[in-house]
Each structure stands twice: as structure tokens, then as C-alpha cells.
Amino acid sequence: MSEQTPSQGKSKNRLVLLVLILVGAFAATVVITALLMNIFEKKQEGAKTFTEVVALDETTVDPAIWGKNFPIQYEAYKRTAEYTPSQHSGEMVPHDVAGDPRTEVKSSKIEEDPRLVTMWTGYAFATDYRHARGHEYMTLDQEFTRRNTEFKQPGTCANCHASMPAVYKELGNGDVDAGFEKMGTMPLGDLLDMTEHPVACIDCHDPATMELRITRPAFERGIADLKASEGIENYDVNRDATRQEMRSYVCAQCHVEYYFAGEDKVLTFPWANGLDLDDIWDYYQEVGHVDWEHGTTGAKVLKAQHPEFDVWAQGVHAANGVSCADCHMSYERVGAAKVTNHHITSPMADLNASCGTCHTDTDVLEERVTTIQDRFIESRDRAMDALVSLIHDIEAAQKNGTPEANIKLAQEYQNKASFYVDYVYSENSYGFHAPDYEQRILSQSLDAARKGQLALRGATAEELSASDITTNNLTASLRSGGGQSGH
């Protein structure tokens, strides 16, 4: 047997090393290539907004058809039928009423707080007012609320309780504005017979471009009035708004303060003087609008609606460019795609997704939200108690022969105290959207109730007007940009 020389051994070792290097290089090439291909695929996936499976146009109302092109968004949209519990969301309760297809509904706010019945005596809301549930039920719950079955609401209410673009065109023979103005001349039941779905994709998206858009003439007119009050003339929201603004504006088509104007009950936003509640109050005084006559005191009273957008606009999030969708429809990752979550629910349901983008300590944030809402409820309750006391005092004064001039002045204060506390009671953030602003509103309601009681004791409007010190401080605050007058 021959022995291997040292030189031969070294050659063999070099050959083995070379083979190992080649194998390693090949393996590394395979891994890197696979990684690059995966990255490329993910980039392509992220860049591709959607796959067009079906063609969409202005007649495509059914969101299920849109869902063929946007399955991720549609799956989330369907979850608006789910009950998402939160601290102030109420509960689902059994429901069995003849002719009403609902087997369960949200719990009643007027049962939880009978002061609401006192505030709204003589108005439909005193019979039925419940916690809101998801968008899936916006049409059903509005059609079968006792406010409609017993009081017959106008078709105007459908503006925010059904998918409307196609209905506007049908009502107006192709003219959206004409259809919009006609709906208030019809009973709500008749109008809802023309609708097929609750709010749907087409209400907020252009089917050709998928861009966000405004489809409600009431908002188009209202935001133009608001911009005009700020010195911006001929504002066209679909032309002039930024995409980030539209992420709030599409929500503001419905989540706002409004009223029905004229015999045709045309949906109108009271923003011609500004968006602050004092501006809205002044607007209503100028146009002379009231919603009903109180059932016991006879006061002519305004009913506030659900001004989430109006209140949000006064808060820190709006001031920093945070939109409604940023919190209530937060972005999420599905594979490499970044999509907007169309579940549309409370930010508290997932603090990391909704708030974690800006706030690092969600535990502290959750505690902060709880504190704000607890303080709001305490102040709201004081204002509500004061309003109820004023109402009872007016009732007693009418029986006791108090001079009519005193009662009339007290009724005017009842209107303001009621509208201001109603405004924040009907706003569903429990003070969170603009804490300082809503505390100011509650203090104004409390002050109006106090003045109403003093009016019954003989105080005049002049005697109840703000002191010179208060007036000077308010003037100085306005000059420094510190807010509205709070008159």
C-alpha cells in the first residue's frame, strides 16, 4: 500500500475546501435569491391596490359586489353587524314587538336616565332613545324606533340611515340636488322602501377611482357655508379638500348637528356663523328655528343631534391633523398590504392599532380616557340636574301666578340650558373628543339653568347679563385666540 505524500494531502484538502466553498456559495445564492423574490413579491403585493374582478359604476350599490374587488375591506365592513362592548356602549337586550323584525336591540338610554324624558317631554325622543349599534343596523333601527312608528318621521332622516346616492338620482330624475330636496316631502317609510342597503361603499368612494368623496348635498352646502364664514368663498369639498380632510369629512356627512329647514324639511347644517356651539346657537336665534314646544313648560326648545364632527373639530386631535378614520378606522397590515379597517368601531376596542401610532404607553392612555369620561359624566349630571330643577320650577311658577314676563324669560333660559347639555349628551365620545370644550359647554348649560331660576324670582335679563369683568376677560381671550365668547 502506497502512502500519501504531504503535498498530495494538501491538494486533497484544498479540493474539499473548494467544493465546500462552492456548495456554500450556491446555497447562499439560493437563499438570497429566494429572499429577494419574496421581497419583490411583497412589494408588488403592497403596491397593488386591488384586483378588478368586477366592474363598478354609480349603479353598483350592493357592497358585496364591491367586496369581490376589495375582499379584505368587505370582510371588515361586515363586522359592523357585531356587538363590540365598551364602557359606555350599552348592552344588547331581548326585543319582542309585534310587526318589528328585531329580536334584540340596544338598551334604552331613557330608562337608564329618566331625566332625558323630563328634558324632552312632548318630543319623540322622550319615547325611545337607545344606545347606537353598528352601521349594519342603521336603517333597521331607524325604521322601527318608536320615534318613527308612532310619530312618522320625514324621509329626510334617510340621509344618514341608508345608502343614498342612487336614491337621490331616482328621486330627482338624475338630479342629485333635486332628489335630496324632495326626500323631506315623503314619509320615512316610503323613502326607505326605495333603499336597498345601509351605508355602503358607494356612499364614500368614487367607483371609478376609489377616491374618497362626499355624496351628501347637505354636507357640501354646510362645509361651503362654514368655509365662507372663514373667508373662503366658493368652496367645493370634492374639489378642494385634501385626502386627510376627506378621512373626516366622509364621516361628517352624518355625525353632525343639523336641522330640517322649511315645510319641505330640507336637511341643513347650521354652520354659517362657524362650528362652535355658540356660533350655532346664534345661527338658530337668527333664523328662528325651534324643534318643539316643551310638553309641560311650553318653552320653545331646540333638539341637538349627534355632533361628533362638530365637537371633534374643537379638540386636540383635529388641531394636529388626526382624522376620524385614523382612530375609528385605523390602518392595519394584511400581508404586505396596508389597508383601512372598515369595522368602524370604538378606538378602545384596540388601543394599539388606533392610538399606538402616536402614543407609546396605551395603559396610561386608557387611564386618561377613563378620567376624561368620568369627569365629563360628573359635570353632565350636574347640568342635567340643574335643567330638571329649572323645568320643575317653571311648572310650579305657572301654577302659582308668577308674572308671564318672568316665565317667558325662564323659558328662554330653559331652551339654552337644554340645548347645550343635550348637545354634549347626544355626542357619543363622553367628553373625549374635546374635553375642555365640552366642559365649557356644560358650564354654560348650568349657568343658563341658574339664570332661569333667578328669572322666576324676578331678575331681569339685564341683571342676569355677564359682569364687566367677565366681559373683559372674554374679550381678551378672543383677542388672544383663546376661543369663543361663551355668551
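Arg-221 forms a salt bridge with Asp-177, and the closest N and O atoms are 3.1 Å apart. This pair links distant parts of the chain, 44 residues apart: Arg-221 sits in helix H11 (residues 217-229), Asp-177 in helix H9 (residues 176-182).

Ground rules before I go on. This is a predicted model, where local features need pLDDT of at least 70, side-chain atom pairs count only at pLDDT 80 or more, and totals for chains, interfaces and linings use all residues. Residues are numbered from 1 along each chain as its sequence is written, and side-chain values use heavy atoms, with hydrogens and water left out.

Now the terms. A salt bridge here is a side-chain nitrogen of Lys or Arg within 4 Å of a carboxyl oxygen of Asp or Glu. Helices (H or I, at least four residues) and strands (E, at least two) are DSSP runs, numbered from the N terminus. Buried means under 20% relative accessible area, exposed means over 50%, and partly exposed is in between (1.4 Å probe, protein chains only).

Back to the pair. Arg-221 is partly exposed, with a relative accessible area of 32%. Asp-177 is partly exposed too, at 37%.

How many salt bridges does a search of the whole structure find? It finds 25. Why pair at all? Side chains of opposite charge can pair when their charged atoms come close.

Take Arg-146. Its partner is Glu-150, with the closest N and O atoms 2.7 Å apart. Arg-146 counts as partly exposed, at 38% relative accessibility. Glu-150 is also partly exposed, at 46%.

Next, Lys-300. Its side chain meets that of Glu-293 in a salt bridge, at 4.0 Å from N to O. Lys-300 is exposed, with a relative accessible area of 51%.

There is also a network of salt bridges. It links Asp-113, Arg-115, Arg-380, Asp-381 and Asp-385.

On to surface patches. Patches are made of residues with over 30% relative accessible area and no salt bridge; like charges are joined within 9 Å, and nonpolar side chains (Val, Leu, Ile, Met, Phe, Trp, Tyr) within 5 Å. Areas come from the Shrake-Rupley method with a 1.4 Å probe, and for residues only the protein chains shown count as cover. For charge, Lys and Arg count as positive, Asp and Glu as negative; His and the chain ends are not counted. Each charge is placed at NZ of Lys, CZ of Arg, CG of Asp or CD of Glu.

Which residues form the negative surface patch? Asp-361, Asp-363, Glu-366 and Glu-367. Glu-367 lies in helix H19 (residues 362-399). Glu-367 is exposed, with a relative accessible area of 56%.

The nonpolar patch covers about 470 Å². Leu-15, Leu-18, Val-19, Leu-22 and Val-23 make it. Look at Leu-18, in helix H1 (residues 6-47). Leu-18 counts as partly exposed, at 46% relative accessibility.

Now backbone angles. Most residues other than glycine have a negative phi. Lys-265 has a positive phi, near 50 degrees. Where is Lys-265 found? In the loop between strand E3 (259-261) and strand E4 (266-268). Lys-265 is partly exposed, at 36% relative accessibility.

Ile-344 has a positive phi as well, near 55 degrees. Ile-344 lies in the loop between strand E8 (337-340) and helix H18 (351-354). Its relative accessible area is 32%, so Ile-344 counts as partly exposed.

Stay with helix H18, where Ser-354 lies. Is Ser-354 buried or exposed? Buried, with a relative accessible area of 8%. The side chain of Ser-354 reaches the backbone oxygen of Asp-350 at 3.0 Å. That is a polar contact: a pair of N or O atoms within 3.5 Å, where within protein one must be able to donate a hydrogen and the other to accept it, and residues adjacent in sequence count only if both atoms are side-chain atoms.

His-131 lies in the loop between helix H5 (115-119) and helix H6 (138-144). His-131 is buried, with a relative accessible area of 8%. His-131 and Val-97 are 34 residues apart in sequence and 18 Å apart in space, C-alpha to C-alpha.

Thr-370 is in helix H19. Thr-370 is partly exposed, with a relative accessible area of 27%.
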